[in-house]
Amino acid sequence: MKKQITLATVLDVKKKLDSLPRVDNGQRTVTTREAIQVLKKQITELRNKGYTFVKIAEELSRHGIEVKESTLRLYRKGGKLQRQPVSELHRAAPVAGSHATEAEEAKPRPPAGSRSGQYEQLGLGHR
């Protein structure tokens, strides 16, 4: 059973949250992505002046924002390097009627990554 919360408790918490003081954002830490977002206009202006991403990255690093040129390029486009796991929907599903026969299953399979096939057997190399 879910815990019940009275309206009086909610209103009391609301008052307490409203009375909390403002946090000094000058001391808040930010990610590299957030820093680049804040500096986006200045980075664009430097690009318009002829600066390369390498030079801009060097300048930012000299002033305390360690960033690679490739990261600047990526963040400028709004991208993010992220590996996504292959979902079940994208994995190969067995096709109806494609199950191997017992004779095929008994055949030893070559190790993964080995080159075995008709082209190698004919001496033509891997295609």
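Entry 1, the overall layout. I began by listing the secondary structure, and I found seven helices and zero strands. I am working with a predicted model here. Reading from the N terminus, I wrote the order of elements down as α-α-α-α-α-α-α. I then looked up burial and noted that 8% of the 127 residues count as buried. For contacts between residues at least 6 apart in sequence, I got 33% joining residues at least 24 apart.

Which residues of α4 are buried? I went along residues 53-62 and marked Phe53, Ile56, Ala57 and Leu60. These four sit on the same side of α4, because they cover an arc of only 100 degrees around the axis. A reminder to myself: an α-helix has 3.6 residues a turn, so residues three or four places apart point the same way. Next I asked what the buried residues of α4 pack against. My list came to α2 (32-38), α3 (40-48) and α5 (69-76).

I looked up the largest nonpolar core and counted eight residues in it. Its members are Ile36, Ile43, Phe53, Ile56, Ala57, Leu60, Val67 and Leu72. Which helix gives the most to this core? That is α4, with four residues. I picked out Ala57 and checked its neighbours, leaving aside residues up to four places away in sequence. Ala57 touches Val67, Lys68, Glu69 and Leu72.

I turned to the largest pocket and noted a volume of about 160 Å³. Ten residues line the pocket, and those that lie nearest its centre are Ile36, Gln37, Lys40, Tyr75 and Arg76. I also checked which elements give two or more residues to this lining, and they are α2, α3 and α5. Sorting the lining by class, I had four nonpolar, three polar and three charged residues.

How far apart are Tyr75 and Gln37 in sequence and in space? They are 38 residues apart in sequence, and from C-alpha to C-alpha I read 8.1 Å. Not counting residues up to four places away in sequence, Tyr75 touches Thr32, Arg33 and Ile36.

Note on methods. Residues numbered from 1 in each chain as written. Predicted model: local features only at pLDDT ≥ 70, side-chain atom pairs only at ≥ 80, totals over all residues. Heavy atoms only, no water. Buried < 20%, exposed > 50% of the residue type's maximum accessible area, 1.4 Å probe, protein only. Arc of directions from axis to C-beta. Contact = heavy atoms within 4.5 Å. 1 Å grid on protein atoms, 1.4 Å probe; cavity = no way out; pocket = protein on both sides within 12 Å on 5 of 7 lines; lining within 4 Å. Points joined across faces, edges and corners; volume = space filled by probe spheres on them. Nonpolar A, V, L, I, M, F, W, Y, C, P; charged D, E, K, R; others polar. Core = buried A, V, L, I, M, F, W, Y, C linked by side-chain atoms within 4.5 Å.
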